[in-house]
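Here is a guided walk through a protein–DNA model, written for reading beside the viewer. Have the sequence and the coordinates open as you go.

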Number of protein chains: 2
Amino acid sequence: MESEHAIEKLSSLAHAGRLSVFRLLVKAAPDGLAAGDIARQLNIPPNTLSAQLTILSHAGLVQHRREGRSIIYSADTSAMTDLILYLMQDCCSGRPEICEPVLDAVNKASCC
Amino acid sequence: MESEHAIEKLSSLAHAGRLSVFRLLVKAAPDGLAAGDIARQLNIPPNTLSAQLTILSHAGLVQHRREGRSIIYSADTSAMTDLILYLMQDCCSGRPEICEPVLDAVNKASCC
DNA sequence: TCCATATTTCACGAATACAGGAAATATAAA
DNA sequence: TTTATATTTCCTGTATTCGTGAAATATGGA
């Protein structure tokens, strides 16, 4: 990943509303949620949410598709993976003993 | 980690200068680099760099110590781990098949 | 066609982030 | 004590981001 793209992803997530939207969509992956459902669950005005979704979408963190009158947004988990890999890149430049705790923590996460 | 802290870390990194500083310090971990060395390597004016280091430091991503006339900054790799874990948290809510590719990618990274 | 629902786009004032010149502070050496 | 080096703090004009009211667009149903 290029630095510009990493910065765009990071700044997209560096906002309380957008971070909560992204995390909600990550939980709802891979199905996704309609914009209106997100707005109701997080209590965000529709136009405000739309602006936030546009920013997340432009950063490549979410995708969308139309279903009837609704537009379904879903998290792009591979984009999240790319960002994590970018942050970890060069994390030990020849000194594995520094990086290993990071990998251990990730693998032991309650996630899976 | 709390959402506020994650947002502060994310916004600290969502800036070209600060991201390059952080990545330089991650490569130089755990020894760190003097502020002047960072300024010279990245061609950033000293006062501008100082403001950037203050922001990274306040977010908990870097630490600093004085050595003679220099102040040595170093990356806090555990803070980076915490941020990564926060981003991965709840990433599969009961569906490991979605999260596993993330873990696989992280483990196969050229990092270590 | 007419209407209700779902979502986006436009416009703009308020708040925040930004870079860097100039001055101040801290340390060490002469 | 004086000087040089290293870094930070203060300040300010500029640029960017932010939320949201109002209007526009898109779809499906009556």
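Of the 19 residues around DNA strand D, the nearest are Asn47(A), Arg69(A), Gly36(B), Ser50(B) and Tyr73(B); a residue counts as near a strand if one of its heavy atoms lies within 4 Å of it. Among the atoms of DNA strand D that come within 4 Å of the protein, sugar and phosphate account for 66%.

A word on the ground rules. This is a predicted model, in which local features need pLDDT of at least 70 and side-chain atom pairs count only at pLDDT 80 or more, while totals for chains, interfaces and linings use all residues. Residues are numbered from 1 along each chain as its sequence is written, chains are lettered from A and ligands numbered from 1 in the order in which they are written, and side-chain values use heavy atoms, with hydrogens and water left out.

Helices (H or I, at least four residues) and strands (E, at least two) are DSSP runs, numbered from the N terminus. By class, this surface has six nonpolar, nine polar and four charged residues. Here Ala, Val, Leu, Ile, Met, Phe, Trp, Tyr, Cys and Pro count as nonpolar, Asp, Glu, Lys and Arg as charged, and the others, Gly among them, as polar.

DNA strand C also has 19 residues around it, and the closest are Gly36(A), Ser50(A), Tyr73(A), Asn47(B) and Arg69(B). Sugar or phosphate makes up 63% of the atoms of DNA strand C within 4 Å of the protein, and bases make up the rest.

Which protein groups sit by the phosphate oxygens? The table lists polar contacts, meaning pairs of N or O atoms within 3.5 Å; within protein, one must be able to donate a hydrogen and the other to accept it, and residues adjacent in sequence count only if both atoms are side-chain atoms.

| Residue and part | DNA strand | Distance to a phosphate oxygen |
|---|---|---|
| Tyr73(A), side chain | C | 2.4 Å |
| His15(B), side chain | C | 3.0 Å |
| Arg18(B), side chain | C | 3.2 Å |
| Thr48(A), side chain | D | 3.4 Å |
| Ala35(B), backbone | D | 3.2 Å |
| Tyr73(B), side chain | D | 2.4 Å |

**Chain A and its helix 4**

Chain A has six helices and three strands, running α-α-β-α-α-β-β-α-α from the N terminus. Buried residues (under 20% relative accessible area, with exposed being over 50% and partly exposed in between, using a 1.4 Å probe and protein chains only) make up 46% of its 112 residues.

Helix 4 of chain A buries Leu49(A), Gln52(A), Leu53(A) and Leu56(A). Seen down the helix axis, these buried residues fall within an arc of 100°, so they line one face of the helix; the arc is that of the directions from the axis to the C-beta atoms. Turned away from the buried side are the exposed residues Asn47(A) and His58(A). The cover over the buried residues includes helix 1 (3-13), helix 2 (16-27), helix 3 (35-42), strand 2 (62-67) and strand 3 (70-75) of chain A.

Take Gln52(A) as an example: its relative accessibility is 8%, so it counts as buried. Beyond its neighbours within four places in sequence, Gln52(A) is in contact (heavy atoms within 4.5 Å) with His15(A), Gly17(A), Arg18(A), Val21(A) and Ile44(A). After helix 4 of chain A comes Gly60(A), with a positive phi near 85°.

**Backbone details to look for**

Most residues other than glycine have a negative phi, and most peptide bonds are trans. Asn43(A), however, has a positive phi of about 55° and is not a glycine. Asn43(A) lies in the loop between helix 3 and helix 4 of chain A and, at 70% relative accessibility, counts as exposed. In chain B, Asn43(B) likewise has a positive phi of about 55°.

The peptide bond from Ala29(A) to Pro30(A) is cis, with omega near 0°, and Pro30(A) belongs to the loop between helix 2 and strand 1 (33-34) of chain A. The bond from Ala29(B) to Pro30(B) is cis too, with omega near 0°.
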